[in-house]
Amino acid sequence: MPYLDEEIAKIEKQRRQELREKKESKSHNQNLKEKPVMEQAPCPQEILEGVRSGVLLVEGVEVIFEKTSIMQTGISMMLPQDFVQTLEDSEHLVYSNEKLEMNLILQWVKPIRAMSMGEFKEIMKKQFQSIELAMNWMEDGDITPCDFQTKYCVFSSSVANGHIFNYQAFIEKDDHQLIFNVNGNLNRWSHWKPVVTGMLSSMEVTVS
């Protein structure tokens with residue numbers, strides 16, 4: 001019966017189409033599982049706004065920031081509250097986070113003379129060579145936007161259980177310098193680099 005044959009052929013064609021679509025859908029879902037869509041990294045302005053507003057998502061965890069006066073420097077900035085203060089005197093302020101294995105060290109000094117970043121780089125290289133430790137200079141530059149003239153540098157070094165990053169910023173205020181240092185596991189650097197920049201960009205003159 002030609003009519004019945006046509007109907008069977010039509011049903012069989014539809015069945016094959018449905019199976020093909022189901023297979024393609026399953027393959028697409030499997031690819032999504034294997035290659036999840038990466039979240040778009042926030043831009044520097046969004047990070048700065050997050051730091052200044054007091055809350056930011058870092059490494060998938062909500063980090064709370066609070067405006068903090070830095071010793072007797074006349075400078076305040078937003079610092080993460082998960083970092084516990086472990087030392088404070090007239091020239092030093094140290095915060096640590098054991099879970100993240102990160103430290104934040106602030107030092108208020110009066111430099112004997114001005115030093116270029118190139119000079120500082122050579123001094124650091126010689127210091128590491130003298131103690132026979134590898135050091136890799138990663139980058140340096142200026143922090144913008146910022147209310148103070150601020151230069152920064154980043155280098156990595158080896159420790160017993162891996163590699164760490166060292167971020168140092170030099171904040172000029174009158175005849176003094178606030179040295180801002182963050183160090184931690186090198187694997188965390190890509191997450192914390194924009195956050196640290198946001199913290200430095202949040203600096204303000206403390207109102208007496």
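Predicted model: local features only at pLDDT ≥ 70, side-chain atom pairs only at ≥ 80, totals over all residues.

Q: How many helices and strands does the protein chain have?

A: Helices (H or I, at least four residues) and strands (E, at least two) are DSSP runs, numbered from the N terminus. The protein chain has four helices and 11 strands.

Q: What percentage of the 208 residues count as buried?

A: Buried means under 20% relative accessible area, exposed over 50%, and partly exposed in between (1.4 Å probe, protein chains only). Of the 208 residues, 35% are buried.

Q: Among contacts between residues at least 6 apart in sequence, what percentage join residues at least 24 apart?

A: Contact means heavy atoms within 4.5 Å. In the protein chain the figure is 45%.

Q: How does the reach of helix α3 stand against the expected value?

A: The expected span of a helix is 1.5 Å times one less than its number of residues. Helix α3 covers residues 117–130, 14 residues in all. From first C-alpha to last it reaches 20 Å, close to the 20 Å expected.

Q: Which residues of α3 are buried, and why do they line one face?

A: An α-helix has 3.6 residues a turn, so residues three or four places apart point the same way. In α3 the buried residues are M117, F120, M124 and F128. Seen down the axis of α3, its buried residues fall within an arc of 65° (taken from the directions from the helix axis to the C-beta atoms), so they line one face of the helix.

Q: What do the buried residues of α3 pack against, and which exposed residues does the face turned away carry?

A: The buried residues pack against three strands: β7 (135–142), β8 (150–159) and β9 (162–173). The face turned away from the buried side of α3 carries K126, Q129 and S130, which are exposed.

Q: Which residues are buried in α4?

A: Helix α4 runs over residues 189–201 and has 13 residues. Its buried residues are W189, W192, V195, V196, G198, M199, L200 and S201. Take G198, found in α4. At 5% relative accessibility, G198 counts as buried. Leaving aside neighbours within four places in sequence, G198 is in contact with L48 and V51.

Q: What lines the largest pocket?

A: Both kinds of space are found on a 1 Å grid over the protein atoms alone. A cavity is a set of points where a 1.4 Å probe fits but cannot get out. A pocket is an open set with protein on both sides within 12 Å along at least five of seven lines. Lining residues have an atom within 4 Å of a point. Grid points are joined across faces, edges and corners, and a volume is the space filled by probe spheres set on the points. The largest pocket holds about 460 Å³. Its lining has 18 residues, of which R113, A114, M115, F170 and Q177 lie nearest its centre. The elements giving two or more residues are α3, β8, β9 and β10 (176–185). The largest share, four residues, comes from α3.

Q: How do the lining residues of the largest pocket divide?

A: Ala, Val, Leu, Ile, Met, Phe, Trp, Tyr, Cys and Pro count as nonpolar, Asp, Glu, Lys and Arg as charged, and the others, Gly among them, as polar. The pocket lining has 10 nonpolar, five polar and three charged residues.

Q: What volume does the largest cavity have, and which residues line it?

A: Its volume is about 40 Å³. P80, F83, M102, L104, V182, W192, V196 and M199 line the largest cavity. This lining divides into eight nonpolar, no polar and no charged residues. Helix α4 gives the largest share, three residues.

Q: Where are the backbone exceptions?

A: Most residues other than glycine have a negative phi, and most peptide bonds are trans. A cis peptide bond joins T144 and P145, with omega about -5°. P145 lies in the loop between β7 and β8. M71 has a positive phi, near 45°, and lies in the loop between β2 (61–70) and β3 (75–80). E132 has a positive phi of about 55°, in the loop between α3 and β7.

Q: Are M71 and E132 buried or exposed?

A: M71 is buried, with a relative accessible area of 9%. E132 is exposed, at 74% relative accessibility.

Methods:
Residues numbered from 1 in each chain as written. Heavy atoms only, no water.
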